[in-house]
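Here is a walk through one protein model, from the whole chain down to single residues. Keep the structure open beside the text and follow along.

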Amino acid sequence: WEEHYPIKLQCVDLDEWSNQYPPVIMLEKEEINSPALEDLKKHYRSIITLLGEDAEREGLLKTPERVAKAMLTLTKGYHMDPHEVLRSAKFQEEYSQMVIVKDIDFFSLCEHHMLPFYGKAHVAYIPNGYITGLSKIARVVDIFSHRLQVQERMTLQIKECIQETLNPLGVMVVVEAKHMCMQMRGVEKQNSVTTTSDFTGAFNQAKTREEFMNLIRQR
């Protein structure tokens, strides 16, 4: 084996090695620690029974815990402050042209049926002496989408958060989404897309809004 693959083996210090060559991906077991977890598990077990299933069946034994953890993850935005996220990377900068972060993927839960709606958010603001880290805009979208939502309110909340925290010359938010409450039940329209928008300040001018819309349509 050594004749064909002359590899020299040696012992290395793992801590020193990991500092020099950090892993690209680290997978950790999902840990959810919430006082609501046990109560949620009990309620989901009852729901499974009420639906006519056997909650003690092998395939369903851990389902209440899995669903409870999933719901805590999907609604974690209630325990996060989007204003603080923006403030954590708020910098003074004399840039006064449009800043756009487009095609921000998001997933949320419709508060009417607790079924997913998903799509993309496009956000623009015109700085007024302060900018924020670009990733923070996407984080704001994540926080508001990780709550029970309606698309209209989520659009408004993203806009208001950026306006209140950065005080820019204007903010505009456009959200495009598909709603599974329309795809899986009710009218069952598979390809319908809902678009909402909201804006402040300089975006009240049609020309500025048109510029933003043209830029987000570019691929």
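In the protein chain, residues 24 or more positions apart account for 70% of the contacts with a separation of 6 or more. Keep in mind that this is a predicted model. The protein chain has eight helices and seven strands. It counts 219 residues, and buried residues make up 36% of them.

Start with the sheet. Five strands form an open sheet in the order β5-β2-β3-β6-β7, and their pairing is mixed. Two strands sit at the edges: β5, residues 148-149, and β7, residues 194-199. Each of these pairs on one side only.

Now move to β2 and β3. Strand β2 spans residues 99-110, and strand β3 spans residues 116-126. The two run antiparallel and are joined by nine bridges. D105 stands opposite K120 in β3. L109 has P116 of β3 as its bridge partner.

On to the next pair in the sheet. β3 and β6 also run antiparallel, with ten bridges between them. Here H122 has V174 of β6 as its bridge partner. How many of the eleven residues of β3 are buried? Eight are, so β3 is mostly covered, given that buried means under 20% relative accessible area.

Which residue of the hairpin of β2 and β3 takes a positive phi? M114 does, with a value near 55°. This hairpin has five residues between its strands. M114 is placed in that loop between β2 and β3, and it is not a glycine. Its relative accessibility is 41%, so M114 counts as partly exposed. The other case is D103. Its phi is also positive, near 55°, and D103 too is a residue other than glycine. D103, however, is found in strand β2. With 26% relative accessibility, D103 counts as partly exposed.

Helix α8, residues 206-217, touches β2, β3, β6 and β7. The direction of α8 makes about 45° with that of β6, residues 170-179. α8 has twelve residues. From its first C-alpha to its last it reaches 16 Å, close to the 16 Å expected at 1.5 Å a residue.

Which residues of α8 are buried? They are T208, F212 and I216. These three cover an arc of only 65° around the axis, so they lie on the same side of α8. The spacing follows a general rule. An α-helix has 3.6 residues a turn, so residues three or four places apart point the same way. The buried residues of α8 pack against β2, β3 and β6. Turn to the other side of α8, and K207 and R217 are exposed.

Now the cysteines. How many disulfides does the structure hold? It holds zero. C110 is in no disulfide, and the nearest cysteine sulfur, that of C181, is 4.3 Å away. Is C110 buried or exposed? C110 is buried, with a relative accessible area of 6%. C161 is buried as well, with a relative accessible area of 1%.

E56 has a relative accessible area of 55%, so it is exposed. What does E56 touch, not counting residues up to four places away in sequence? It touches R45 and L61. E56 and R45 are eleven residues apart along the chain, and their C-alpha atoms are separated by 9.0 Å.

β3 is joined to β2 by nine bridges and to β6 by ten. Then return to α8, whose buried residues pack against β2, β3 and β6.

Definitions and conventions
Residues numbered from 1 in each chain as written. Predicted model: local features only at pLDDT ≥ 70, side-chain atom pairs only at ≥ 80, totals over all residues. Heavy atoms only, no water. Pairing = 2+ DSSP bridges. Helix = DSSP H or I, 4+ residues; strand = E, 2+ residues; numbered from the N terminus. Contact = heavy atoms within 4.5 Å. Axes fitted to C-alpha atoms, helices over the stretch in contact; angles between N-to-C directions. Disulfide = S-S within 2.5 Å. Buried < 20%, exposed > 50% of the residue type's maximum accessible area, 1.4 Å probe, protein only. Expected span 1.5 Å × (residues − 1). Arc of directions from axis to C-beta.
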